[in-house]
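Dear colleague,

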Amino acid sequence: MKSVHMKSVHKKKSKSSKKMATLLRLAQRGRAKLLSTFFPCPLPRAKDNDPPQVPAGKPSGKQQLQPPQGLRGEALVLASQLHGETFPLPNLWKVFAEWPLAANQHAERLEGLVDSLLERIITNERKLKALKQADFARLISLWYPDADWPELEIATAYSVWIFVWDDEVDAGDTDVSNDEELARAYYQKSLNTVRRLLDLDSSSTGTSISSEQSDLQKNPTEVEEELHINMALFSDVGRGMRTATDMIQRERFFRELENFMVQVGVEHGHRMRGTIPSLEKYMEIRSGSVGCAPQIALTDYMLKIRLPESIMEGAAMKALWKETVIICLILNDIYSVQKEIAQGSLFNIVPVMYKDCKPEKQSLSTVSHKIEMALQASMKRFEEAATSLDEIAYGDEQLGKDIQSFVKWCRYFITGVLQWSLESRRYGMAECRHDDGSLSIVL
């Protein structure tokens, strides 16, 4: 009888504890809602002693167990709402099942190249190890499965450069990432360097960012001798493009890089101030700062084709670029959200969509559903643009083949981002993945 009585008491205590834990979580969420309504300024962070609630038998996604530090304003409030919550994602390979995925024959050789490039510019051992573990070689191999080695060398130098350049602003552990004035100087100097290394003058690019007169008079070789360490890899890119592309191609590439750097600056300003833009404004900023458009501008060089300017600047091609960028930014954001919040950045489509939800439907499950719908809608527009490009080439067999190669590469670019994001230790999605391919990401 005593044993039965003790079990009964234990069950009552257990039920009481669970009830108290539930009430505590509800109170914490209620407090976060009140903070967002009445106190838009930075406030002390609420303590959260409850462990993240993860369904039994599910991946834990243990990268982020503590609230991120250094947040303010709307970002702080949003972080308190999302902390410890689980972001569910379906297996998105089901969405892209009909799109191609392949790896380059030089995949193993690319690993050595990437490591050597990183060693040229990264002196911090901890950072170097983390970047090597990210396996950028795998990503580049998936992006350019059909490319030859000379083109791969240039694409690899560019891809590693843009990751390292962007991390200087995004990572939250550098002087540049924590100071708007230093960041502004970093963008300006970088853009001036890019322009000179591409052998473009300010009048041809129409850049709005000024440069010193002495810099304008330097040739690309002189500029290479005075590079910021984060710009050293771009000298490889500049040399390759100066010899293998025409002025119009380089100007287009530069314009996309300029927009990338400008929007990275806008994004950095939001992060420093702790402000969260509307979803529409976010997509405008992030379409530039994600850095996909400059990569697309390299496509004809990588494929060894030259599409007519009437097509490159036409509505159908612009639509194809736009949807390629949108799909890639969504994929990048959803798989990097845990890492970014851990680094103190809420500038990501997941928190932005969460904030944009109506109060009665505000949940990460709602965000997940909206993201899947957005991807499917963008894919539909992508296919419509691809069809329009095929129609333009009707009757011209070679042009048709070149257009099909360009469109196919855009698909490779997207599926490469998807596969690499799931595999790479940079985002740690392996810890969040279920047997059916879906994910549970603890924020």
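**The largest cavity**

The lining of the largest cavity is formed by 29 residues, and those nearest its centre are Phe163, Asp166, Val290, Asn332 and Tyr427. Among the elements that give two or more residues to this lining are helix H6 (149-170), helix H12 (247-273) and helix H13 (279-289), where helices are DSSP runs (H or I, at least four residues) numbered from the N terminus.

This is a predicted model, in which local features need pLDDT of at least 70 and side-chain atom pairs count only at pLDDT 80 or more, while totals for chains, interfaces and linings use all residues. Residues are numbered from 1 along each chain as its sequence is written, and side-chain values use heavy atoms, with hydrogens and water left out.

A cavity is a set of points on a 1 Å grid over the protein atoms alone where a 1.4 Å probe fits but cannot get out, and lining residues have an atom within 4 Å of a point.

**H12 and H13**

The axes of H12 and H13 lie 7 Å apart and the helices pack at an angle of about 130°, the axes being lines fitted to C-alpha atoms over the stretch in contact, with angles from 0 to 180 degrees between N-to-C directions. H12 is therefore oblique to H13, since angles under 35 degrees count as roughly parallel, over 145 as roughly antiparallel, 65 to 115 as roughly perpendicular and the rest as oblique.

With kind regards

Definitions and conventions. On a 1 Å grid over the protein atoms alone, a cavity is a set of points where a 1.4 Å probe fits but cannot get out, and a pocket is an open set with protein on both sides within 12 Å along at least five of seven lines; lining residues have an atom within 4 Å of a point.
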